[in-house]
Amino acid sequence: MIVVAFIFLSSLASAFCLASGMARHQRDLFGRTLSPRISAAARGAGWGLMGIAAAIGIAAKGWAVGIVASLALVQLGALAGVLFINRILAPSRAR
Amino acid sequence: MTGGFRQSMTWLHTWGGLVFGWFLSVIFIAGTICVFNHSISQWMRVMPALSTTEQRVRAVEFAAQYIEQRTPSPSRWNIYLPDHWVGWRDAAGERHEGHFDPVNGGPRRAETGRESHGGYHFVALHYNLHSGFPGIMLVGFVTMVMLVAFVTGVVIHRRIFKDIFTLRLFKGQRSWLDGHNVASVLTLPFQFMIAYTGLAIFHYAYMPGAIAYHYGLPGGLRGQFNHVGPYFDARRAGTQDPAQLVAADVPLSAMPALVREAERRSGRPVEWLSRQTEGRTGIERLRIGMSNRDSEPLPRPPAVTFQIVGAPPQLVQQEAAEGGVGEASLNVMGALHEARFGGWTIKWLWFVSGIVGCVMIATGLVIFTVKRRARGIAEFGAASPALFRAIEALNIATVAGATLASIAYFWANRLLPLDLPSRVAAEVTAFFIVWALTLLHGLTRPDRAWAEQFGLAAAMCLTLPLLNAATTGDWFGRYAARGAWEAFGVEVTVMVIGLALAGLAFSLARVRR
């Protein structure tokens, strides 16, 4: 259960970082675009967090079940991230 | 050329998605629900869970008594413990079957089980639309079109990476398209896996060539479906010398002690017992099968089956057939598709991902009509209004209607009289009657039907515990009190779904106004 929560939170954070690396979502979230270096760092952090999500899954449940469970959680985490970003963090701009 | 190619892909995605989306919506709703089909069966059949070895050994004792009181020493018999079911043949070779009470003995009574397909209704709806072998072929074809829709969808999506996290809400048609894209693109690996593995499980029906070449097709395609081909016998046989596995000559009353021994040796709960004549060798076999359901790694270890041989009778563990890489791959495909590994974690992930799949299909269907209404597209000239109205009604029936009919099936299970002669079939009939009514409703009130059907489904989900308490005296609080967690989970999950559907109904009602 705790493992699932950790993988999900890493996936959610990963989606948030990846979105923060994109100009459209920077405008939605921060009201302005960020410098290319910060954008690249955000994208790097996003991929890193996705790797951490996979690593936690594999460490806890072995290669076969771990990869499958992590992949499912990364997808759902990204979806939750999209809802979070567009519905809660930047609803006024999305409207 | 690129424009032309993309245009033809758009046409294929639009029309293939619409016509096959009607089937896919129902298949996905049923498939999502049947992740929990065993739990739903437990809720519907009001069956006590057999959770300890002592309970299961006693249940086997009652099952044996049930058979022997009707046919002393039958030549062939079966006991399937999860359903409390027994079947046997009498001296004249005639088949009998029945349900026993696993707690008090004797025939099943209302408090310890009611006749029902339970969650299996959703399984059957999912893989063959309750239509037998032709249904399997139809679902297979629909699934192939789904794979086509994945490819065409990726081709026509111009900004697949740029828009990967984009969801512009409250913007009409734009929002439906964003929702469809986000749901499809972000969970594409899951949806693709589900479609592909779904086809792979039925390899013997969809790609029968290899099996036919090696083993022939004695019963035709249909015969393969019924698992009577020599292929399946060969797969099951294993490497042990069949002559040494002749059934021990023991009465049914010896079974409880043997079951206790089998559970001790395997560490797994017993699932079935049978005494049968094997088709391929004509040898009499007496076997105990252990459950292989949850919390398993990938690929799943072979099921543990014991043969009961010799005098005094002893348990010999049946060796698994050597299937090679193909068998192992099929094993992984089947486990992936049916969430038969990784325990409850995977079941929940599959359930939520399945809901996202339903959203993907539903938003796709909605886009078809929303787009045409917004742009005044009328491909069929004067016939367009009537045709679009029929399309809207089918969208309503296959998305909102199938949802409503699914919860109506839960209600039918509790409301239909217990002594109704064909109760099991009547529950399924109730599902189809409600479903047909949702189509009529969609035809007559296309503007309001979405909100009304989701609203009614929400109300029925949220009041399910009240209905349950009124008809059986049970509700989620009492399930929790006596530790019946699967039934508890079903009822609470249905209520959470009800809340979500209520929110959906309210926002749809607001949008329409």
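Mentor: Contact here means heavy atoms within 4.5 Å. Keep in mind that this is a predicted model.

Trainee: Thanks! Leaving aside its neighbours within four places in sequence, which residues is B:Asp178 in contact with?

Mentor: Start with where the residue is: B:Asp178 belongs to helix α6 (residues 173–186) of chain B. Once neighbours within four places in sequence are set aside, the contacts of B:Asp178 are B:Thr166, B:Leu167 and B:Arg168.

Trainee: Is B:Asp178 buried or exposed?

Mentor: Residues count as buried under 20% relative accessible area. B:Asp178 has a relative accessible area of 2%, so the residue is buried.

Trainee: On to the rings. Are the planes of B:Trp43 and B:Phe410 stacked, edge-to-face or tilted?

Mentor: Good one to work through. Planes under 30 degrees apart count as stacked and over 60 as edge-to-face, with the rest tilted. The ring centres of B:Trp43 and B:Phe410 are 5.6 Å apart and the planes meet at 50°, so this pair is tilted.

Trainee: How many residues apart are B:Trp43 and B:Phe410?

Mentor: B:Trp43 sits in helix α2 (residues 37–45) and B:Phe410 in helix α15 (residues 384–415), both of chain B. Both residues are buried. The pair links distant parts of the chain, with a separation of 367 residues.

Trainee: And which helices hold B:Phe190 and B:Trp350?

Mentor: These two form an edge-to-face aromatic pair, 5.2 Å centre to centre with 85° between the planes. B:Phe190 and B:Trp350 are both buried. They are 160 residues apart, and their helices in chain B are α7 (residues 188–201) for B:Phe190 and α14 (residues 343–375) for B:Trp350.

Trainee: Which residue lies over the face of B:Phe368?

Mentor: B:Phe368 is part of one aromatic cluster with B:Trp15, B:Phe380 and B:Phe388. At 3.8 Å from the ring centre of B:Phe368, the residue over its face is B:Arg372.

Trainee: Now the interface. Which residues of chain B lose the most area to chain A?

Mentor: The area buried between chain B and chain A is about 2,200 Å², and carbon and sulfur atoms give 74% of this. On the side of chain B, 30% of what is buried comes together from B:Phe165, B:Phe170 and B:Leu349.

Trainee: Which side chains meet in a salt bridge?

Mentor: Between chain B and chain A there are four residue pairs in polar contact. The rule finds one salt bridge across this interface. At 3.1 Å, N to O, the side chains that meet are those of A:Arg24 and B:Asp163.

Conventions: Residues are numbered from 1 along each chain as its sequence is written. Chains are lettered from A and ligands numbered from 1 in the order in which they are written. This is a predicted model: local features need pLDDT of at least 70, side-chain atom pairs count only at pLDDT 80 or more; totals for chains, interfaces and linings use all residues. Side-chain values use heavy atoms; hydrogens and water are left out. Rings of Phe, Tyr and Trp (its six-membered ring) pair if their centres lie within 6.5 Å; planes under 30 degrees apart count as stacked, over 60 as edge-to-face and the rest as tilted. Helices (H or I, at least four residues) and strands (E, at least two) are DSSP runs, numbered from the N terminus. Buried means under 20% relative accessible area, exposed over 50%, partly exposed in between (1.4 Å probe, protein chains only). A charge sits over a ring if NZ of Lys or CZ of Arg is within 6 Å of the ring centre and within 35 degrees of the ring normal. Buried area is the accessible area (1.4 Å probe) that two parts lose on being put together, summed over both. A salt bridge is a side-chain nitrogen of Lys or Arg within 4 Å of a carboxyl oxygen of Asp or Glu. A polar contact is a pair of N or O atoms within 3.5 Å; within protein, one must be able to donate a hydrogen and the other to accept it, and residues adjacent in sequence count only if both atoms are side-chain atoms.
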